[in-house]
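User: I'd like a close look at one side chain in this model and at the part of the fold that holds it. Walk me through it in one go, please.

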Amino acid sequence: MEDLFRQMRSVEADRATALREFSDLLIAHALAEEAKVYPALRRYKNIDDEEVEHGEEEHEEGNKALLELLEVDEVGSQEWDEKLEELVQAVTHHADEEERTILNGARENVAMERREELGGAFTEERARQLKAGCGDVDNVRRIVAS
């Protein structure tokens, strides 16, 4: 995602294409996590349900920031740059926090075999979402509205 952030910031890159790719990846990641990983992690007593719920709230924040950028009319405008930085901030904050809280809790409390199962389920769901074009602006609107 860092490479896509750089491309979206670069005046020399195809920023719109980078945004479309980023949108697909972000939405697929969040949907797969919420469908396959978070529900399973809630079953472990040493993984804080509040952290999982907070992760879902941060997905919502990232999705809203993504939608705001997708709806900017002019790529490279001042509004584009502002909305891009809001998106970058939301996503990097979530990734950092998720790594420190939810994923560390999973490493410490979930057996390797189960983590591998969850990783496989996540990967399959993510691929399914990507194939379905989940980052399309209309789909992002539906997700944000729900």
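Analyst: **Around E125**

Let's start with the side chain of E125, which makes a polar contact with the side chain of Q129 at 2.8 Å (a pair of N or O atoms within 3.5 Å, where, within protein, one must be able to donate a hydrogen and the other to accept it, and residues adjacent in sequence count only if both atoms are side-chain atoms). Keep in mind that this is a predicted model, with local features needing pLDDT of at least 70 and side-chain atom pairs pLDDT 80 or more, while totals for chains, interfaces and linings use all residues. Residues are numbered from 1 along each chain as its sequence is written, and side-chain values use heavy atoms, leaving out hydrogens and water.

E125 counts as buried because its relative accessibility is 10% (buried is under 20% relative accessible area, exposed over 50%, partly exposed in between, with a 1.4 Å probe and protein chains only). Skipping neighbours within four places in sequence, E125 is in contact with A32, A35 and K36 (heavy atoms within 4.5 Å).

E125 sits in helix 5, residues 112–131 (helices are DSSP runs of H or I, at least four residues, numbered from the N terminus). The buried residues of that helix are L118, F122, E125 and Q129. They cover an arc of only 75 degrees around the axis, so they lie on the same side of helix 5 (the arc is taken from the directions from the helix axis to the C-beta atoms). Helix 2 (15–41) is part of what covers them. The face turned away from that buried side carries exposed E113, E116, E124 and K131. After helix 5 comes G133, with a positive phi near 70 degrees.

Methods. Helix = DSSP H or I, 4+ residues; strand = E, 2+ residues; numbered from the N terminus.
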